[in-house]
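The exercises below ask you to read a structure step by step, and each task is followed by a worked solution.

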Amino acid sequence: MTRSPTTSRLARFDALFSAHQRHVLAYAMRRTQAWADAEDVAAETFAIAWRKFDAIPETEPLLWLYAVARRVLANQRRGLGRRERLANLLRVDDVATPIRAGEDRDGPAFAALARLAPADQEILRLVAWEELGNQGIAAVLGITPNAVAIRVHRARARFADALARLSPEEDMKYLDPSRTSADVKGTHGAEWTGAGE
Amino acid sequence: MSIPAGPDPIDRLRAADPIHADHVPDASLARVTARIKEHIMADEQHEPTVRQPRGPLAWVGGLALVGVIALAFAIALGNGLGAGAQTSPPIAANPTPSEAPAPSDDPAAGGGMASCIVYDPAILTTMDVVFDGSVTAIDGDRVTFKVNDGWKGADGSVTLTAPPAAIALTGPLPEFKVGSRYLVTAAGSTINSCGYTLDYDAATAAKWAAAFGS
């Protein structure tokens, strides 16, 4: 039975979408403050993947998707900036539902991460959350694996330094399983500027 | 600047991962899936190959194409897929036996893949993993197969991850059971749906083997 190229393309796209949609959505959720924003990023990423399907590498297509999602996220942030400025002018509250999955966003690890430069934050997120190696990060960021290795080393050191600067009391509170998020909330809340860059 | 001795600080960040891919809400996945379906339908509507000379017939042709695509998606939706915030069992991704169509010798003609809008054995060669295997163990969404015939990327024993059923774009998965035999494809370590993983039958297995020249 002969199938049209479009039909075969849809089947292959379906396989790509089914295999990687969770990873792309998680990538977006880790870097946004609201479910709707993360869904926007994931949907736009796969829309671009559909349009540019023939350009997606056969090996490790997830890295290509991450690279696209990264650019979509950057565009979204620019748009959000404009939206916030407009909302301030019109005094409209942002009604987007916030992501609550990461209760530890008020913890020391996040506080330390927030103190780093955006580039350091992103490379550490790719290491810790997307669990990418130097080759994978290089593909996502469009730099060489050697450059990645150097940047990861430096970012890791700066992150360790930022963690060490947190007071021991707060650190113990974070490690104490009996502590609630409410105990920590407010301690670092003023410093927290969001998971994104 | 040097890293202090002791535990890797990255472990602290790793432990603070806001959301693991396995815990992404089904409702969010369903909304993204619905938007992608909408996007593809709109895109297909504007395919150059369906452009007709301006006139009443052009509208008929265009609407017919949209109707066909919409019907195909609707058929898939009728098999438990789609935009709703459905929660699927971890492995049993298929319609119940009473709802499932009877197997056929020709997947492309219907049978187990009647709900799929696309099926083309020629695509098998582009998959990462293709094999005939029997399930030896199921642990959550992880399914281990003993490979009976490995055509690509599989040999001996293989453990793969079953995707959630309610969010695939075009079709279901079979219900995996220990001891049962399947024809399986996967993208990386994730099992593909939509007729690219199905209950074993000899005729289809022969066609899959032929796709690899064996």
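**Exercise 1.** In which sense do strand 1 (residues 129–139) of chain B and strand 4 (residues 181–187) of chain B pair, and over how many bridges?

Solution. Keep in mind throughout that the model is a predicted one. Strand 1 of chain B pairs with strand 4 of chain B in the antiparallel sense, and six bridges connect the two.

Finally, look at the connection: strand 1 and strand 2 of chain B form a hairpin with two residues between them, and Gly140(B) in the turn has a positive phi of about 65 degrees.

**Exercise 2.** Describe the secondary structure of each chain, and state what share of its residues is buried.

Solution. Begin with chain A, which has nine helices and zero strands, so that its pattern along the sequence is written α-α-α-α-α-α-α-α-α. Of its 197 residues, 39% are buried. When the contacts in chain A with a separation of 6 or more are considered, 72% of them come from residues 24 or more positions apart.

Chain B, by contrast, contains four helices and six strands, arranged along the sequence as α-α-α-β-β-β-β-β-β-α. Buried residues account for 37% of its 214 residues, and 62% of the contacts between residues at least 6 apart in chain B join residues at least 24 apart.

**Exercise 3.** Determine which residues of helix 7 (residues 145–165) of chain A are buried, and explain how they are placed around the axis.

Solution. First consider the helix as a whole: helix 7 of chain A has 21 residues and reaches 30 Å from its first C-alpha to its last, close to the 30 Å expected at 1.5 Å a residue. Its buried residues are Val148(A), Ala155(A), Arg156(A), Phe159(A) and Ala160(A). Because these cover an arc of only 140 degrees around the axis, they lie on the same side of helix 7 of chain A. Asn146(A) and Arg165(A), on the other side of the helix, are exposed.

Then ask what covers the buried residues: the cover includes helix 4 (108–114), helix 5 (118–128) and helix 6 (134–141) of chain A, together with helix 1 (9–15) of chain B. For helix 6 of chain A, the axis comes within 8 Å of that of helix 7 of chain A, and the two cross at roughly 105 degrees, which means that these helices are roughly perpendicular. On the side of helix 6 of chain A, the residues involved are Asn134(A), Gln135(A), Ile137(A) and Ala138(A), and they meet Pro145(A), Val148(A) and Ala149(A) in helix 7 of chain A.

**Exercise 4.** Is Ala69(A) buried or exposed?

Solution. Locate Ala69(A) in helix 3 (residues 61–90) of chain A. Ala69(A) counts as buried because 27 other C-beta atoms lie within 10 Å, where the cut-off is 20 or more. Leaving out residues up to four places away in sequence, Ala69(A) touches Val24(A), Tyr27(A), Ala28(A), Val41(A) and Thr45(A). As a further check, the C-alpha atoms of Ala69(A) and Leu25(A) are separated by 9.3 Å, although the two residues are 44 residues apart along the chain.

Technical notes:
Residues are numbered from 1 along each chain as its sequence is written. Chains are lettered from A and ligands numbered from 1 in the order in which they are written. This is a predicted model: local features need pLDDT of at least 70, side-chain atom pairs count only at pLDDT 80 or more; totals for chains, interfaces and linings use all residues. The expected span of a helix is 1.5 Å times one less than its number of residues. A residue is buried if 20 or more other C-beta atoms lie within 10 Å of its own, exposed if 12 or fewer, and partly exposed in between; C-beta atoms are placed from the backbone. The arc is that of the directions from the helix axis to the C-beta atoms. Two residues are in contact if their C-beta atoms, placed from the backbone, lie within 7 Å. Two strands pair if DSSP finds at least two bridges between them. Axes are lines fitted to C-alpha atoms, for helices over the stretch in contact, and angles run from 0 to 180 degrees between N-to-C directions. Angles under 35 degrees count as roughly parallel, over 145 as roughly antiparallel, 65 to 115 as roughly perpendicular and the rest as oblique.
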